Amino acid sequence: MRGERMNLVGRKYGKLKVLEKAGKNSYRGIMWRCRCDCGNEKLASTSNLNAGRVVSCSHCGKSDAIGGRGVHVNLVGRKYGLLTVLEKIEAHDQRGVAMWLCQCECGNITRANTGNLNAGRATVCGICHQTRRIRALKRVRKTIAAYGFSAELVYSSTGNKKVLD
Ligand SMILES: [Zn+2]
Ligand SMILES: [Zn+2]
């Protein structure tokens, strides 16, 4: 088994540092004893560690949970639409999800939580959002106007054709 030879001791996965092999789990995966940055210890399997599913102890997983999925990542420097993540702010939203300070391409600074960023719900600042909505509305009105106009054209052209035929 390739997994057997894999030695994760000393590696870091998020907040977890792998201390030693701690036996096998029921799926014959290797379990590792890890120490979290907060000092807690946690057992994690090779596959969970490598897949990034376990990145902290359960205690930290709860406080840093992202959209309830228990994964916490550093978003600083990432781009989401017009927003560039500047820094993590020492605040959480009502559900305990991490909040980030982001700069929009228009220069505005805005706050967004991890879930909204990752889900693509936060991609512009509030002002750009408003501008976009107004633009989108105008586009819809234009399309309706254009459609109404062309429908009339089609009608009159076929009408004309009949007359011409
Ligand atoms: Zn911890
Ligand atoms: Zn903006």
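Helices (H or I, at least four residues) and strands (E, at least two) are taken here as DSSP runs, numbered from the N terminus. The model is a predicted one, in which local features need pLDDT of at least 70 and side-chain atom pairs count only at pLDDT 80 or more, whereas totals for chains, interfaces and linings use all residues. Residues are numbered from 1 along each chain as its sequence is written, and chains are lettered from A and ligands numbered from 1 in the order in which they are written.

The predictor's confidence in each residue, pLDDT, is given on a scale from 0 to 100; the protein chain averages 81, and 78% of the residues score at least 70. Two residues are regarded as in contact if their C-beta atoms, placed from the backbone, lie within 7 Å. Over residues 65–71 the pLDDT stays under 50, and the model has 15 contacts beyond four places in sequence for this stretch. Among contacts in the protein chain between residues at least 6 apart in sequence, 29% join residues at least 24 apart.

Burial was assigned from C-beta atoms placed from the backbone, a residue being buried if 20 or more other C-beta atoms lie within 10 Å of its own, exposed if 12 or fewer, and partly exposed in between. Of the 165 residues of the protein chain, 21% count as buried.

Strands are treated as paired if DSSP finds at least two bridges between them. By this criterion 4 strands form an open sheet in the order 1-2-3-4, with antiparallel pairing. Strand 1 (12–13) and strand 4 stand at the edges, each with a single partner strand, so that one side of each is left without a neighbour in the sheet. Strand 2 (residues 16–24) and strand 3 (residues 30–36) are joined in the antiparallel sense over 6 bridges; Leu16 has Cys36 of strand 3 as its bridge partner, and Val18 stands opposite Cys34 in strand 3. The hairpin of these two strands has 5 residues between them, and Arg28 takes a positive phi near 65°. Strand 3 pairs in turn with strand 4 (residues 41–45), in the antiparallel sense and over 5 bridges, with Arg33 opposite Leu43 in strand 4. This second hairpin has 4 residues between its strands, and Gly39 in the turn has a positive phi of about 105°.

Within strand 2 lies Ala22, which counts as partly exposed because it has 16 C-beta neighbours inside 10 Å. Residues up to four places away in sequence aside, Ala22 touches Met31, Trp32, Arg33 and Leu43. Although Ala22 and Trp32 are 10 residues apart in sequence, their C-alpha atoms are 4.9 Å apart in space.

A further hairpin is formed by strand 7 and strand 8, with 5 residues between them, and Gly107 in its turn has a positive phi of about 105°. Strand 7 and strand 8 (residues 109–113) run antiparallel and are joined by 5 bridges, Met99 standing opposite Asn113 in strand 8. In a regular strand the side chains alternate between the two faces of the sheet. Strand 7 (residues 98–103) has a covered face made up of Ala98, Trp100 and Cys102, and an uncovered one made up of Met99, Leu101 and Gln103.
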